[in-house]
Amino acid sequence: MSNSVFQGAVAIDTNVFEHIFNKEKNVDSHIDDILLSLQEDSIRLLVDEDSKIFDEYERIIGPKLAYSEHNYEISVLRYWLGTQETWEPVDVVSPSELMAAIKRIVHEPDENVDRILVYVAFYRGKNLISNDEVHIVIGPQREWGDFERRHRLKKQTRNICKASRQSEILTSVEAHAEVVRATSS
């Protein structure tokens with residue numbers, strides 16, 4: 001099986017891993033399907049070399065991994081978060097033109113990891129899967145008259161980092177649709 005939309009590596013927001021346990025967010029276990037499909041294709045997880053992404057994973061998802069239960073979701077998460085063999089570290093240069101462009105759009109002071117997730121995906125020309133509608137995908141309500149944040153991020157970065165032209169920001173539902181499309185063709 002080959003998922004051309006996720007060739008080689010992908011950035012995954014913490015909320016996607018967290019939503020694997022939430023049946024309202026993980027309708028029809030689509031997140032399970034995405035993560036398993038990416039695992040089968042040996043897709044690597046983009047992280048930053050300074051471990052800020054992993055620190056957030058550890059803080060939010062880590063306690064769930066400590067459960068002695070051996071349920072399906074825990075084993076999937078342990079694969080993605082339990083070993084550095086599945087990671088592809090990216091050196092995040094800040095300040096840089098790329099990070100400055102991202103900060104103009106994801107401007108909230110406490111969203112450093114969200115900016116880093118966008119950076120590692122765009123710098124490598126890979127996709128980001130995120131369910132963070134407020135900070136990454138759509139934007140806060142006061143910005144709803146503008147294009148969605150993900151479109152503004154692409155527009156702001158395309159001339160700074162040519163690799164970003166190949167990147168997309170997808171919700172888990174959209175990523176699942178891409179996985180289904182790729183496997184059925």
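Where is Arg158 found? Arg158 sits in the loop between helix H9 (149-157) and strand S5 (169-170); helices (H or I, at least four residues) and strands (E, at least two) are DSSP runs, numbered from the N terminus.

This is a predicted model, in which local features need pLDDT of at least 70 and side-chain atom pairs count only at pLDDT 80 or more, while totals for chains, interfaces and linings use all residues. Residues are numbered from 1 along each chain as its sequence is written, and side-chain values use heavy atoms, with hydrogens and water left out.

Arg158 has 39% relative accessibility and so counts as partly exposed. Buried means under 20% relative accessible area, exposed over 50%, and partly exposed in between (1.4 Å probe, protein chains only). Together with Lys155, Lys162 and Arg165, Arg158 forms a patch of positive charge on the surface. Such a patch is made of residues with over 30% relative accessible area and no salt bridge, like charges being joined within 9 Å.

The whole structure holds nine salt bridges, each a side-chain nitrogen of Lys or Arg within 4 Å of a carboxyl oxygen of Asp or Glu. Among them are these:

| Pair | Closest N and O atoms |
|---|---|
| Glu73 and Lys23 | 3.5 Å |
| Glu148 and Arg150 | 2.8 Å |
| Lys154 and Glu168 | 3.6 Å |

Lys154 in helix H9 and Glu168 in the loop between H9 and S5 are 14 residues apart, and their pair links distant parts of the chain. Lys154 is buried at 18% relative accessible area, whereas Glu168 is partly exposed at 38%.

Definitions and conventions
Patch = residues over 30% accessible without salt bridge, like charges linked within 9 Å, V, L, I, M, F, W, Y side chains within 5 Å. Areas by Shrake-Rupley, 256 points an atom, 1.4 Å probe, with all protein chains shown as cover. Lys, Arg positive; Asp, Glu negative; His and termini not counted. Charge placed at Lys NZ, Arg CZ, Asp CG, Glu CD.
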